[in-house]
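Please read it with the sequence and coordinates at hand.

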There are 2 protein chains.
Amino acid sequence: MDEAAFLTRLRALPLHPGAYGLRDDTGTLAGLVVTSDTMVQGVHFLPDDPPADVAWKLVATNLSDLAAKGALVEAITLNYPLSNAAWDDAFLRGLAAVTHAYDAPLLGGDTVTLPLGAPRILTVTAFGRDAAAPPRSGAQAGDALWVTGTIGDGGAGLAVARAGHGDAYLLGRYRRPTPRLAEGRALASHVHAMMDVSDGLLIDAARMAAASGLSLTLALDAVPLSTPARATGLTALAAATAGDDYELLFAAPAGWTPPVAATRVGRFAPGSGLSLTQGGASVPLPTSLGYQHGA
Amino acid sequence: MDEAAFLTRLRALPLHPGAYGLRDDTGTLAGLVVTSDTMVQGVHFLPDDPPADVAWKLVATNLSDLAAKGALVEAITLNYPLSNAAWDDAFLRGLAAVTHAYDAPLLGGDTVTLPLGAPRILTVTAFGRDAAAPPRSGAQAGDALWVTGTIGDGGAGLAVARAGHGDAYLLGRYRRPTPRLAEGRALASHVHAMMDVSDGLLIDAARMAAASGLSLTLALDAVPLSTPARATGLTALAAATAGDDYELLFAAPAGWTPPVAATRVGRFAPGSGLSLTQGGASVPLPTSLGYQHGA
């Protein structure tokens, strides 16, 4: 069963009003934004990724979902599979680093043991407060689509990790992403729609357009690439479908200038579907727009 | 690293005030009780346990923690590894059954894919409201220790599941435990301390005594066994160390009679440590008091 089919089935269960029909990355409970991410060894991280970086990324990806709602970090919970002492120790050092860096206090969670040799599966749930909480479905016809930072560094960093050598900046962007909490805070009450880019710019932008009931035209030549990413020969199309970026994607009225560093990459219009341009000319969509679980 | 060592390290991290130093089964956040349980295939459930029962047990064990706080169920989140369509379908049917049975609306969560053949690791986080929330640390010298229901059925049911044949009642108690939500609601504002029995009556009772800074004497011949459990030849000592019961364990003033069906099994006194009696005579503690993660 793929993720979409599973979600369809979940929607037939009793849902909490704060679940928004399971159509957003986060829920709302007692005035808090709630989000949860699970990472699987061999799927979301490599078996030989440093455990401290796994801890960082697990927390940072959750905080990125809070950033997209403009929330302040209230607490996190951790569900952790105990394994060998060296791995656990290194993980705890990374957990200390990321929880101190983003002021993310631990509320609780669970620890379990694993069958010998089983891949680790780790879950963090994050809670945010005081959020303006723009939905992903709020884009309006005529809005511009913007993205913070640069796109494709995560994917290029994954290639570095797999190769075992390459640019340290890109590797760091893959292993220790920066949740855009300050940017989200500055943007949230001004934008029509916002979400983070986790599965790929194209697929996430297409999701925002679909959730908003609009069409979207995205200019590949506007996609912001970092200098190290360009130096690897990464194309804009590869960058825009690679995922693991954890930048903020937001829709705002044409003519409005964001208060944070961001790049305009597209425009919403009535209708449906995603179109790509390069040099002003239409280009075909790639087979895959990004990462889809269970696909 | 065992669970105790891991928790000690976690306590050095920034903690939320509602974490209570990570010394309770639940936390408190925005007035809600928060609890989270992870179940691992091959550890917390058998690879050939029916997926619908796995769903039931995963939700029910979390609701059991809410029951121990006297909470009403507000919401749950689910972190789920997609695998094959038949397993996912059966799991969803069990999830529908348990969420309807206990009025537990879904708030959100995450779905992931697994490497081929990896054991499933599933997490549910549950949120409860309006809880009197007795701590596990509140027992007072002279208090009686009580337990709801019967003890040892879960362990005896696990033996049935492993054998592939045996008593259906015991198997049901193992696979579909009943969270004592109504009992917890009736007890919570009257008792000094309460927790659920998940790892074994002896280990959980010893934890309540230690958290309360008291000694505890527990009468093995008072431990309530069901008729089907007795029929298997289960001893009180085996029942009291088997775990998987999900009954409520609570401390209350001597002379007080609980408003729900429960059995008095022990007495708290100044000092520390757990002592056992049988027929009024002291008996030695077993090597293992119950299930300890990572031990």
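A:Asp153 is buried, with a relative accessible area of 0%. The model in which this value was computed is a predicted one, and the side chain of A:Asp153 meets that of A:Arg173 in a salt bridge with an N to O distance of 2.9 Å. A:Arg173 is itself buried, at a relative accessible area of 12%.

A:Arg173 also takes part in a salt bridge with A:Glu247, at 3.1 Å from N to O. A:Glu247 lies in the loop between helix H9 (236-242) and strand E9 (248-252) of chain A, whereas A:Arg173 is in helix H5 of chain A, so the pair ties together parts that are 74 residues apart in sequence. Both A:Glu247 and A:Arg173 are buried. The salt bridges extend into a network that links A:Asp153, A:Arg173, A:Arg180, A:Glu183 and A:Glu247. Over all chains, the rule counts 28 salt bridges.

## The two domains of chain A

Chain A is divided into domain 1 (3-129) and domain 2 (144-280), and the C-alpha centres of these two domains of chain A lie 22 Å apart. In chain A, 27 residues of domain 1 are in contact with 20 residues of domain 2. The area buried between domain 1 and domain 2 of chain A is about 1,900 Å², with carbon and sulfur atoms giving 54% of it. Of the area that domain 1 of chain A buries against domain 2 of chain A, 25% is supplied by A:Leu46, A:Lys57 and A:Ala68, more than by any other three residues.

Three salt bridges are found across the interface of domain 1 and domain 2 of chain A, and a salt bridge also joins the side chains of A:Arg176 and A:Asp53, at 2.6 Å from N to O. Between domain 1 and domain 2 of chain A, seven residue pairs are in polar contact. On the side of domain 1 of chain A that touches domain 2 of chain A, the elements giving two or more residues are helix H2 (51-67) and strand E3 (72-82) of chain A, and H2(A) gives the most, with eleven residues. By class, that side of domain 1 of chain A has 15 nonpolar, four polar and eight charged residues.

## A:Lys57 within helix H2

What surrounds A:Lys57, leaving aside its neighbours within four places in sequence? A:Lys57 has its place in helix H2 of chain A and is buried, with a relative accessible area of 4%. Beyond those sequence neighbours, A:Lys57 is in contact with A:Met39, A:His44, A:Tyr174, A:Arg175, A:Pro177, A:Asp244 and A:Tyr246. A polar atom of the A:Lys57 side chain lies 3.0 Å from the backbone oxygen of A:Tyr174.

## The interface of chains A and B

64 residues of chain B are in contact with 64 residues of chain A, and the two chains bury about 5,300 Å² between them, 71% of it on carbon and sulfur atoms. The rule finds two salt bridges across the interface of chain B and chain A, and the side chains of B:Asp89 and A:Arg9 meet in a salt bridge at 2.7 Å, N to O. The count of residue pairs in polar contact between chain B and chain A is 16.

Among the elements that give two or more residues to the side of chain B that touches chain A are helix H1 (3-10), strand E2 (32-40) and helix H3 (85-101) of chain B. H3(B) gives the most to that side of chain B, with nine residues. By class, the side of chain B that touches chain A has 34 nonpolar, 21 polar and nine charged residues.

## Two helices of chain B

Helix H4 (residues 153-163) of chain B is mostly covered, with eight of its eleven residues buried, including B:Asp153, B:Leu158 and B:Val160. The cover over the buried residues of H4(B) includes helix H5 (168-175) and helix H8 (227-231) of chain B. B:Gly164, whose phi is positive, near 85 degrees, follows H4(B).

In helix H7 (residues 201-212) of chain B, B:Arg207 and B:Asp204 lie three residues apart, about one turn of the helix, and they form a salt bridge whose closest N and O atoms are 2.9 Å apart. B:Arg207 counts as partly exposed at 23% relative accessibility, whereas B:Asp204, at 1%, counts as buried.

Terms used. Residues numbered from 1 in each chain as written. Chains lettered and ligands numbered in written order. Predicted model: local features only at pLDDT ≥ 70, side-chain atom pairs only at ≥ 80, totals over all residues. Heavy atoms only, no water. Domains from an automatic or database assignment. Contact = heavy atoms within 4.5 Å. Buried area = accessible area lost by both parts, 1.4 Å probe. Salt bridge = Lys/Arg side-chain N within 4 Å of Asp/Glu carboxyl O. Polar contact = N/O pair within 3.5 Å; in protein donor to acceptor, adjacent residues only side chain to side chain. Helix = DSSP H or I, 4+ residues; strand = E, 2+ residues; numbered from the N terminus. Nonpolar A, V, L, I, M, F, W, Y, C, P; charged D, E, K, R; others polar. Buried < 20%, exposed > 50% of the residue type's maximum accessible area, 1.4 Å probe, protein only.
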